[in-house]
Each structure stands twice: as structure tokens, then as C-alpha cells.
Amino acid sequence: MKKIRLTERRPLIISGPCSAETREQTLETCAALAATGLVDVLRAGIWKPRTSPGSFEGVGSEGLAWMGEAKRLTGLPFGVEVASASHVERALAAGADCVWIGARTTVSPFAVQEVAEALRGSDVAVLVKNPINPDVDLWAGAVERLISVDIPMGNIGLIHRGFSYFGHGKYRYAPMWPLAFEMRNRFPGMTMICDPSHIAGTTEYLLELSQTAADLRYDGLIVESHCRPSQALSDARQQITPDELEKLVRSVSWRAESTDDPQFVRSLDRFRQEIDSIDDAMLGLLARRMHISEQIGRVKKDNDVAILQSNRWEEIRERVLDQADNLSLSRDFLNQILDAIHIESIYRQSSVINKGD
Ligand code: PEP
Ligand code: MN
């Protein structure tokens with residue numbers, strides 16, 4: 001069996017059920033995935049950290065034996081989630097080629113340290129999912145803990161699976177792509193793959209998320225697949241059959257990063273100049289807007305009026321969102337911009353109001 005080289009295959013495709021449930025379901029799913037010829041690594045959850053108690057918590061070590069069997073049957077390496085030293089020991093003993101630290105474990109430095117210590121000296125691939133809360137330092141901290149127990153950088157990879165947030169958006173977890181870019185800046189060259197299954201929470205957004213990941217130069221995907229998704233004991237709504245996985249992977253285009261074609265270089269240059277000058281104009285307008293906010297702060301101070309007038313803010317929001325369709329800008333995007341402007345504006349007004357005379 002060849003060792004998994006994270007830096008070798010592009011795109012790297014990892015797939016398998018959210019959870020190993022029975023021997024039959026595990027083997028049937030894994031065999032069908034291997035038959036597509038598109039999957040590099042099989043996955044399955046063996047111990048499931050669930051947000052709410054009472055949900056299916058995984059079959060435990062028994063499932064490792066099924067994954068070992070799937071590996072022998074298909075010739076493909078396999079990976080499982082680990083959250084403690086005993087998980088690591090059992091996974092390695094069962095021949096796992098890859099382990100990953102789940103989103104609910106990356107948030108816990110004690111757990112990550114325990115997993116890291118148990119992995120010391122091992123040459124399996126170790127993938128680190130982003131923490132469930134949007135905190136890049138925690139994500140980076142987990143990677144640093146692995147590096148500090150001498151796991152080679154080339155054996156460490158990142159999985160972007162989206163972040164939990166208050167409220168309801170299109171996806172179950174918000175991708176917050178810039179946080180993943182920040183991780184890429186901190187660990188240049190480290191393999192980063194996208195987990196569209198957990199971001200989306202349902203099957204309908206898998207293709208658009210996978211294509212976005214490909215467009216953003218991710219190195220691959222980890223996608224949940226189950227031979228009978230509707231009967232899955234965990235994450236039933238987001239799992240696809242191996243046939244659907246094949247269709248998904250074939251539909252994503254992994255375009256080249258660049259080309260030397262002079263026509264391409266010229267058009268790109270022209271558009272980039274245009275973008276740069278639009279950015280300059282926007283920044284100039286934002287600076288002017290903030291300057292006016294400070295003047296409003298002064299007027300409020302002179303009249304002893306509080307900074308926040310929520311009616312006025314709702315008026316602004318409504319006025320802007322009314323233009324969303326005309327401008328072909330999504331309401332989500334406009335809301336994010338407005339929130340950022342509002343926070344900065346309040347901050348500027350409050351620094352004027354609270355400054356001594
Ligand atoms: C999983 O991959 O099945 C899983 C539990 O993922 P996450 O840790 O991203 O929630
Ligand atoms: Mn899952």
C-alpha cells in the first residue's frame with residue numbers, strides 16, 4: 001500500500017460515509033467509491049462528536065475493522081476522525097493511513113495536544129479541520145502543536161469545513177473564505193482541501209461550493225457519500241451516493257492557475273487596473289463617509305444625544321437593500337458591508353463623543 005502523499009495528487013479526493021454504520025454499508029459504499037476511479041482516500045467517522053446528546057455517536061472500534069477490510073478490498077488508503085490518544089492508537093493499529101482532527105476537537109487545545117502526542121513519530125497524513133467557531137488562531141495553534149511533535153509539514157493538511165454563526169444563512173455553516181485564505185498565508189504551501197458537505201448541510205450546494213474551492217486553488221475535496229443517504233444515521237441530508245459523487249467530481253473544473261498567453265495577460269492586466277482604480281475610489285469614499293460620521297458625532301455631543309439611533313440605521317439598511325436587485329448585489333453581501341460600515345461609524349462617533357473637550 002502506497003503511503004498518502006498530500007502534496008502529490010491534484011485534486012485530492014477523499015470520500016466515504018459520514019459514519020461507518022454497519023459492515024455492509026461501509027463495504028458497499030467504499031467499493032462503489034473505489035469503482036469510480038476518482039477517489040484517492042476513503043473516509044468514515046468511527047467516533048462521532050455530536051452537538052446534541054442522543055444523536056448517533058458512532059460504532060467505535062468495530063468500524064475500524066470494516067475500514068481495514070474496505071482498504072484490503074479496494075486497495076485505497078483510509079482516514080478516520082480522532083479526538084483522543086486512544087482513538088489515535090486504535091486507528092493506527094487498524095492500519096489507518098490518515099487521521100483528521102474534527103471541528104469540535106480543534107477548538108480544544110488539551111485534546112489537540114493529546115492527539116498530537118499520540119501521533120509523535122507516526123508518518124500518517126494528519127488533516128486539521130477548522131474549529132467550529134471562526135478563530136484562525138485556534139486552527140493555526142492545532143497545526144503548530146502537530147509541528148511541535150515533529151509531524152513533517154508535508155504530512156499535515158487543512159480541511160475547510162465552514163464556521164458556526166448565529167442566525168440562518170444559505171449554508172448550514174458559513175464558509176467565511178477569508179479565514180481559510182488567512183490560514184494559507186500562515187502556512188504557505190500546506191495542502192488545503194474543502195469539505196463542501198459540512199459547509200452546505202444539504203446536497204444541493206455541493207457543486208457550487210466545490211467549484212468555488214477549485215476556483216480558489218484548493219488542493220482537493222472531502223465529500224460525504226453513503227450508499228443509501230436517506231437511511232444514514234448521521235448527516236443524512238448532505239450525503240450523496242457514490243454515483244452522485246462521481247458526477248460531482250467530474251463536473252468540477254480544476255483550472256490552471258495561469259497561462260502565458262499574451263491575449264490573456266493583456267485582458268487580465270486591463271481588468272486589474274480597473275479594479276485597482278475602483279478600489280481607490282471606494283476607499284476615498286469610505287474615508288469621506290467616516291469623516292462625516294465624526295462630524296455627526298460632534299453634533300450629537302453638542303446636543304447630548306446618544307450615538308445609536310436605531311430607526312435611522314434601519315432606514316439606511318432598507319434604502320440600501322431596496323437597491324440590491326437593481327445592482328445585482330446579494331442582500332447577504334450588502335448586509336455584511338453595511339454591518340462593517342456601521343460598526344466603524346459608531347466607533348468613530350464614540351471616539352469623538354467620549355473625547356474630553
Ligand atoms: C465529519 O467529517 O463527519 C465531521 C464530524 O465533521 P466536522 O468535524 O467538520 O463537523
Ligand atoms: Mn458528517
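A polar contact is a pair of N or O atoms within 3.5 Å. Keep that cut-off handy for the exercises below, which all use a predicted model.

**Exercise 1. What lies around ligand 1, and which polar contacts can you find there?**

Step 1: Start with the neighbours. Ligand 1 is surrounded by C18, R43, K48, E81, W100, G102, A103, R104, K129, R161, H198 and E224.

Step 2: Now check some distances. A polar atom in the R43 side chain sits 2.8 Å from an oxygen atom of ligand 1. For K48, an N or O atom of the side chain is 2.8 Å from a ligand oxygen. With A103 you need to look at the backbone instead: a polar atom there is 2.8 Å from an oxygen of ligand 1.

Step 3: Finally, ask how much of the ligand is covered. On its own, ligand 1 has 290 Å² of accessible area, and the protein covers 97% of that.

**Exercise 2. Is S197 buried or exposed, and what does S197 touch?**

Step 1: Find the residue. S197 belongs to helix α8, which runs over residues 196-200.

Step 2: Look at its accessibility. S197 counts as buried because its relative accessibility is 0%, and the cut-off for buried is under 20%.

Step 3: List the partners. Leaving out residues up to four places away in sequence, S197 touches L206, I222, V223, E224 and Q238.

**Exercise 3. Is Q273 buried or exposed, and where is Q273 found?**

Step 1: Go to helix α11, residues 262-302; that's where Q273 is.

Step 2: Its relative accessibility is 57%, so Q273 counts as exposed; the cut-off here is over 50%.

Step 3: Q273 and G16 are 257 residues apart along the chain, and their C-alpha atoms are separated by 45 Å.

**Exercise 4. How many helices and strands does the protein have, and what percentage of its residues is buried?**

Step 1: Turn to burial. Of the 357 residues in the protein, 46% are buried. The protein exposes about 18500 Å², with carbon and sulfur atoms supplying 53% of that area.

Step 2: See how the chain meets itself. Take contacts between residues at least 6 apart in sequence: 73% of them join residues at least 24 apart.

Step 3: Finish with charge. There are 41 positive and 49 negative side chains, and the centres of these two sets lie 1 Å apart.

Notes
Residues are numbered from 1 along each chain as its sequence is written. Chains are lettered from A and ligands numbered from 1 in the order in which they are written. This is a predicted model: local features need pLDDT of at least 70, side-chain atom pairs count only at pLDDT 80 or more; totals for chains, interfaces and linings use all residues. Side-chain values use heavy atoms; hydrogens and water are left out. Helices (H or I, at least four residues) and strands (E, at least two) are DSSP runs, numbered from the N terminus. Buried means under 20% relative accessible area, exposed over 50%, partly exposed in between (1.4 Å probe, protein chains only). Contact means heavy atoms within 4.5 Å. Accessible areas come from the Shrake-Rupley method with a 1.4 Å probe; for residues, only the protein chains shown count as cover. Lys and Arg count as positive and Asp and Glu as negative; His and the chain ends are not counted. The place of a charge is taken as NZ of Lys, CZ of Arg, CG of Asp or CD of Glu. A residue is near a molecule or strand if one of its heavy atoms lies within 4 Å of it. A polar contact is a pair of N or O atoms within 3.5 Å; within protein, one must be able to donate a hydrogen and the other to accept it, and residues adjacent in sequence count only if both atoms are side-chain atoms.
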